[in-house]
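Try each task before you read its solution.

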Amino acid sequence: MNLAYKYMSRSTVLLLMLCLGVGLKTSLAQQSYQSDYEIKHQFKVKYDSLSQELDSVDNVTEAEDILDGIRGLEENYKDHRQLLDKVLYPETFTGRMKKIEKRSHSIISKLRVIKTQNTKLETLNQKLATYDQHFESLVSRSDSLRQAIDKSNQSEKKLSGMVRSYRRSLEKRDQFIMSVIDSLFATYGNMSNRALQDLQNKKARQINNGNALNMVKSIAQSNIEFLNSNPTLSTQDYLRMYVVQKNFSSMWDKVGPKLIAVYSGNQNKEDVKEEIDKDLAEWQTKVANYTWKSLNKSFDEENINVSEFGDSQGFYNSLNGYLTTAIKQSKENGGEQAQKQYQKFASFWNNIVKTKWAEYMAKGEILDYTKIASIDQKVDQWSEVSKPESHLMAILLGLSVLANLALGVVLIRAKSSSSENNGNRKVS
Amino acid sequence: MYMLQKAVKSGLPVLILLAVTACSSSLVIQRVNFAQPVETVLNPDSKGVVHDRSQGLDFSIMPLQYAETQDTSSVTTEKVRMIRDKEGYYFITANGYKNVYVMKPQAGELKLQKKIHVSDDGIMHPAFNQRDPNVQLIDRGNNATYSLNENGIKKEDLSS
């Protein structure tokens, strides 16, 4: 058994050596017939080909395949390092391979970023596609509700129910616009120029559904149409719409050029921008007009005679001026009338302006919290000076004087009666 | 006068000799390695001239074509292969040539140093490799290799 094993081992080793010998001879012979020029030429062709592939690669998987190819090329030609060092002078074989490998790593990492951004974009496009339908249904629902309210001969109770639904529907529509703004910001806000260029070159033409530019146009135009229909809404509704418009314009200023770059396709980019800028400006003018009118009207209805205003600074100046005058008048005249005027303003200011409008006013930069605090101070000041003069102190003072007098009389009397008693005792 | 005559007789020839020697001495750099790492492959133009832009060398291949074919009516040579060895000799051949021409560069010319006969049938797919101290010729048509220097084939066909 041992002998057989030994014999087998020897024969196996001999066979292996023979194979190695033949292999070595073949390899040497092949090396002998190889032209250095061909080695140089083939290396250059393969290297240039990989380099060109890197220039045009547009996805991570392909880029990783190219990197494998680069590593393979290095492995295959490492035996010719000396020759290649000479022919590549002043570069070296190792230097060249490192250079292309570094470039491929850089491209892979850039493509990974683009891939992430593409995924975000795909999600946005899906969202926009559903948003598109959702927005239309919200707008049509709001319109039909408004028409129903206009034509309604129903009972007051039923009508107020419809008005409530109408306002809820408008709120939903505005919430929807805010979510579009968030989505567009999240996708395009930090998008790199390379990713943008990639989208511009490849993706934009493929996007039919979920075109963000169409969505922007549609939202602006729908709001203009809505405002053109002379809606009768509460001041709170107008303030909310004012804030939505402001945020929408701000979003457009920041990501508008990117959206145009990606989605405008063959259209003239300047024309597209001009058209949307025009729509947004019209929307802004209309919503601002309604908001200021509604605010002025709300103060009028409460018989708070603030001077008319048409912008944020005007509104603050008007309130400030009104309070300054009211405080001065209260100081000079006072009285019950001034007290009533104060109470009316304070109630409107605290229960309506601060409770229902302040959030939108701050977001829309109509009246920021510093200015609200400044108005609050004036209202407090007015409160102090408008208080009716109190007679209680005078009465108490009078009572106190009387009490003292009475006490003094009692004490004097008590003293005199005591002296009389002492005299009588001495006489007796 | 006598002194002058004596000085002239004894010193002048020495001075003249020194002056002549100084003028005729030239600066020589020795142990120069002219070896070109990889051969150059060139296609002749319509006039049979090859242009090696990397080495800054232009010459007509027609004298070599005539030596091979005794015909210069048209350019029949394709892919001229050329390599310079350590000593500075150019080894030139082309597809189908029977010989390798060892040319020595001189002022404005390449002079034949040695015509090395390789094959009666012609070298079908020749290629030169620099294999210090020799130049290796391979014929990929028949897997033959030859070790050459300016004097001829040094070592016969390794494969045979």
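This is a predicted model: local features need pLDDT of at least 70, side-chain atom pairs count only at pLDDT 80 or more; totals for chains, interfaces and linings use all residues.

**Exercise 1. The contact between the chains**

Task: Find how many residues of chain A and of chain B are in contact, and how much area is buried between them.

Solution: 
- Step 1. Count the residues on each side. Chain A brings 11 residues, and they are in contact with 16 residues of chain B.
- Step 2. Take the area. About 1100 Å² is buried between chain A and chain B.
- Step 3. Carbon and sulfur atoms give 58% of it.

**Exercise 2. Charges and polar contacts**

Task: Count the salt bridges between chain A and chain B, then look at the one between A:Glu38 and B:Arg81.

Solution: 
- Step 1. There are 3 salt bridges between chain A and chain B.
- Step 2. In one of them, the side chain of A:Glu38 meets that of B:Arg81, with 3.9 Å from N to O. The cut-off is 4 Å, so this pair counts as a salt bridge.
- Step 3. Between chain A and chain B, 5 residue pairs are in polar contact, both residues at pLDDT 80 or more.
- Step 4. Ask which elements of chain A touch chain B. Both α2 and α4 supply at least two residues to that side of chain A. The largest share, 4 residues, comes from α2(A).
- Step 5. Sort that side by class. It has 4 nonpolar, 3 polar and 4 charged residues.

**Exercise 3. The largest pocket**

Task: Give the volume of the largest pocket and describe its lining.

Solution: 
- Step 1. Start with the idea. Rolling a probe the size of a water molecule over the atoms shows where empty space is left.
- Step 2. Read the volume. The largest pocket has about 480 Å³.
- Step 3. List the lining. It holds 19 residues, and those nearest the centre are A:Asp36, A:Leu83, A:Lys86, B:Gln130 and B:Arg131.
- Step 4. Trace the elements. Two or more lining residues come from each of α2 (36-56) and α4 (81-87) of chain A and β8 (126-131) of chain B. The largest share is that of α4(A), with 4 residues.
- Step 5. Sort by class. The lining has 5 nonpolar, 7 polar and 7 charged residues.

**Exercise 4. The second largest pocket**

Solution: 
- Step 1. The lining has 17 residues, with A:Lys40, A:Val87, B:Pro37, B:Val38 and B:Ser54 closest to the centre.
- Step 2. At least two lining residues come from each of α2 and α4 of chain A and β1 (40-42) of chain B. Here α2(A) gives the largest share, 4 residues.

**Exercise 5. Backbone features**

Solution: 
- Step 1. A:Tyr89 and A:Pro90 are joined by a cis peptide bond, with omega about 10°.
- Step 2. The peptide bond from B:Asp132 to B:Pro133 is cis, with omega near 10°.
- Step 3. B:Arg31 is not a glycine, yet its phi is positive, about 50°.

Key:
Residues are numbered from 1 along each chain as its sequence is written. Chains are lettered from A and ligands numbered from 1 in the order in which they are written. Side-chain values use heavy atoms; hydrogens and water are left out. On a 1 Å grid over the protein atoms alone, a cavity is a set of points where a 1.4 Å probe fits but cannot get out, and a pocket is an open set with protein on both sides within 12 Å along at least five of seven lines; lining residues have an atom within 4 Å of a point. Grid points are joined across faces, edges and corners, and a volume is the space filled by probe spheres set on the points. Ala, Val, Leu, Ile, Met, Phe, Trp, Tyr, Cys and Pro count as nonpolar, Asp, Glu, Lys and Arg as charged, and the others, Gly among them, as polar. Contact means heavy atoms within 4.5 Å. Buried area is the accessible area (1.4 Å probe) that two parts lose on being put together, summed over both. A polar contact is a pair of N or O atoms within 3.5 Å; within protein, one must be able to donate a hydrogen and the other to accept it, and residues adjacent in sequence count only if both atoms are side-chain atoms.
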